[in-house]
Amino acid sequence: MKQAEFLNTVLPLKDKVFRLAKRLLVSTDEAEDATQELYFKLWKNKKKLGEYKNVEAFAMTMTKNYCLDQLKAKRSNNLKLVHSNYADDTISLQRELELKDSVSKVHQLIEKLPAKQKMIIQLRDVENYEYDEIGKILDLQPTAVRVALSRARKTIREQLIKQHNYGIK
Amino acid sequence: MELNSIEKLLEKYENAETSLKEEALLKDYFSNNTVPTHLQEYKLIFNYFSESKTEQFTKTIPLKRKTSKVWWLSIAASIALVFSVYFMNDAGFDKITPSEQQEAALAFKETQKAFQLISKNLNKGENIAMSGLSEFEKAQNKVFKK
């Protein structure tokens, strides 16, 4: 794979890689470091990249493995800050606060999910991958992906309802 | 879209049976319409997903590391070292004049003399020590009455 090809096929994935890394590593700084590290690795192995049929799936798998390794190393244990800087200047302040509050609620609920469900939610609901693509990335059967996804979606909604009705019922 | 079909889609969504198109429909519905209260949670969820997708990686991606510069420096330094040793050999050590050789031989003799002097004195000291030792043995025999 040459430089031009690399820039056209691998570089546009940087946002997806970053978002998956952030989903797993939580902190923005950690995710940025991870993305830089991953791109350095991809660039070093650019000759081999041409051999893969699905470069995107390969890059995402690499991201997953790298982030899980980072988590295992417990290097990032002391960085549990939640960043929710969703910039949007079109809506009014109160509306923004409201939105931020509810949006970060969902964020927190996803954070509590197991790593596998987190990744599947990220890949399906945020990045809109097909089931068999997710299966390839995470090395799972598509049916297993569906089961975990369904479980994650149900958990998020149930928890939201629980929080919403807290003190009422 | 009618509320009825949305509810059906949501049930499919929870069972992870929706296609990407249907999910896009849901996302669209919850971002635009006013949503009935019993579906308010879904609005939060889908809004969160659309918001998450807008997040971007803003830092630059360095594809080459600083280590490459250090690598070149180390090679340059080793080449300089080899050359300097080579030229020093050429300039200084190969040309020894006869007078210098004589001087060196003289110095060698002098040091040999000095070493011999030291070794003689050392031998003397050793002999004295040995005789002292035999005296001690005599005394020991007297004490233990062998």
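Visitor: What percentage of the contacts in chain A with a separation of 6 or more is accounted for by residues 24 or more positions apart?

Guide: This is a predicted model, in which local features need pLDDT of at least 70 and side-chain atom pairs count only at pLDDT 80 or more, while totals for chains, interfaces and linings use all residues. Residues are numbered from 1 along each chain as its sequence is written, with chains lettered from A and ligands numbered from 1 in the order in which they are written. Two residues are in contact if their C-beta atoms, placed from the backbone, lie within 7 Å. Among the contacts in chain A with a separation of 6 or more, the share from residues 24 or more positions apart is 67%.

Visitor: How many helices does chain A have?

Guide: Helices (H or I, at least four residues) and strands (E, at least two) are DSSP runs, numbered from the N terminus. Chain A has zero strands, and its number of helices is nine.

Visitor: Why is α7(A) oblique to α8(A)?

Guide: Axes are lines fitted to C-alpha atoms, for helices over the stretch in contact, and angles run from 0 to 180 degrees between N-to-C directions. Angles under 35 degrees count as roughly parallel, over 145 as roughly antiparallel, 65 to 115 as roughly perpendicular and the rest as oblique. Helix α7 (residues 115–126) and helix α8 (residues 131–138) of chain A have axes 10 Å apart and pack at an angle of about 140°. Therefore α7(A) is oblique to α8(A), the angle being about 140°.

Visitor: Which residues of α8(A) make the contact with α7(A)?

Guide: From α7(A) come A:Met119, A:Ile120, A:Leu123 and A:Arg124. Their partners in α8(A) are A:Ile134, A:Ile137 and A:Leu138.

Visitor: How many residues does chain B bring to the contact with chain A?

Guide: Chain A gives 30 residues to this contact. Chain B gives 21 residues.
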